[in-house]
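Here are my notes on the charged pairs and one surface patch. Have the model open while you go through them.

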Amino acid sequence: MSYIEPAPIKDKENPLESMMQRFDKAVELLGISEEMYHILKVPRKQVIVGLPVTMDSGEIRTFEGYRVIHSTILGPSKGGIRFDPEVNLDEVRALAAWMTWKCAVVDIPYGGAKGGIACNPREMSAGEMERLMRAYTTSMLDVFGPDQDIPAPDMGTGPREMAWLMDEYSKAKGMTVPAVVTGKPLVLGGSLGRTEATGRGVMVSALAGMEKLRINPYRATAVVQGFGNVGSHAALLLRDRGVAIHAISDISGAYYNDKGIDIAAAVAYRDNNKGSLEGFTGAELISGDDLFTIPVDVLVPAAKEDVITRRNVESIQAKMIVEGANGPTSSKADDIINEKGIMVVPDILANAGGVTVSYFEWVQNRIGYKWTLERVNRRTDRIMKDSFDKVYETSVKYKVSLRIAAYIVAIDKVSSTYKYRGGF
């Protein structure tokens, strides 16, 4: 399954307000000045473009596209391009800021950005998609650049679209510029390890959390909600390290086996069954809601946003939640989770393995040399473990959850860099 650089799916409410709630808590604890607060809050650049595209029918339709650069204080901005009917400026602004904090928390020298086009890729042909992506790239020639702003895939886009972007940008520059975008096909300079990168980060985060909670992985149990790219790779990698996966799920339902599910068999079944677990016989079919009530050591929500809410949070019996998805826990459930003593490794940290390998892809493109899979994985694991330890130490220091601690780490890094660089 294709790798996409992780980014939070929009909140059911205003995504900008959702992100700012946690941002405000961290700023208050850090004692950031009002001046710095507004510097960190306001995006550096916001671009809105109209994109006329000839459809297969001969009709010319105009799409609205966005690119928001939230920050470049740590380095060139980084963030995906989303093709979705409900893309809007507030959403893109929220995602751009979120990418700033995500890159900062794993100590990657990038700022945050995000792009999007209001369209429905499920109703468009490959030719229409290509013309739209090339039009968007042309409109962003003064924004994109390997030293300025580096896009990547997101919802509705993938390696194919990034190949078109790289080609259009390269033609305009008169030379091949692979480092302008990440998430490309391997033959165009993509990195080994990118497909499993986010799931790998979830695995490293889960093991780091188990170590703090003194849970032996070889005696540990887990459930994984969502069996797409992130969830299936997280389940495979956790199983390889001794964790028994008692339940998995996808849109067809949840599948439970108290003796542990053969994850490799489940992946093979899904891949040969049009991407669905429907009919899988290696476990008992249960309701998706029941998956959250299973008493296990680790719960990995790896599907969509707002699956852990006030409605079901009281029934969760896991000792730890590792957020493979983006925004799986509603802000209203945070306090209850903390009261129950459940450790939560937040999405801003747990699924940062994807952007980490995107960074590695950019580095390899810049030096013109490909790393081995072993080197990519080793360096990803080190960054994820070091980042977890930093966030954990911060949570102890400020007596806060790992979620707020992750924001504290990120905001402190960005604000300190602003102070050293000055210029305002």
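1. Let's start in one helix. K171 and E168 sit three residues apart in helix α5 (residues 159-173), so about one helical turn separates them. (Helices are DSSP runs of H or I with at least four residues, strands are runs of E with at least two, and both are numbered from the N terminus.) Their side chains meet in a salt bridge, 3.6 Å from N to O; the term means a side-chain nitrogen of Lys or Arg within 4 Å of a carboxyl oxygen of Asp or Glu.

2. A word on what you are looking at: this is a predicted model, where local features need pLDDT of at least 70 and side-chain atom pairs count only at pLDDT 80 or more, while totals for chains, interfaces and linings use all residues. Residues are numbered from 1 along each chain as its sequence is written, and side-chain values use heavy atoms, with hydrogens and water left out.

3. The structure holds 24 salt bridges. One of them joins the side chains of R22 and D334, at 3.0 Å from N to O. R22 lies in helix α1 (residues 15-30) and D334 in helix α10 (residues 334-339), so this pair ties together parts that are 312 residues apart in sequence. Both R22 and D334 are buried.

4. Have a look at D147 and R366 too: they form a salt bridge whose closest N and O atoms are 2.9 Å apart. D147 is in the loop between α4 (126-139) and β5 (149-153) and R366 is in helix α12 (residues 353-367), so the pair ties together parts 219 residues apart in sequence. D147 counts as exposed at 54% relative accessibility, and R366 as partly exposed at 41%.

5. Lastly, the patch. L186, L192 and L373 make a nonpolar surface patch of about 210 Å². (Patch residues have over 30% relative accessible area and no salt bridge; like charges are joined within 9 Å, and nonpolar side chains, meaning Val, Leu, Ile, Met, Phe, Trp and Tyr, within 5 Å. Areas come from the Shrake-Rupley method with a 1.4 Å probe, and for residues only the protein chains shown count as cover.) L186 is placed in the loop between α5 and α6 (197-213) and counts as partly exposed at 35% relative accessibility.

Terms used
Buried means under 20% relative accessible area, exposed over 50%, partly exposed in between (1.4 Å probe, protein chains only).
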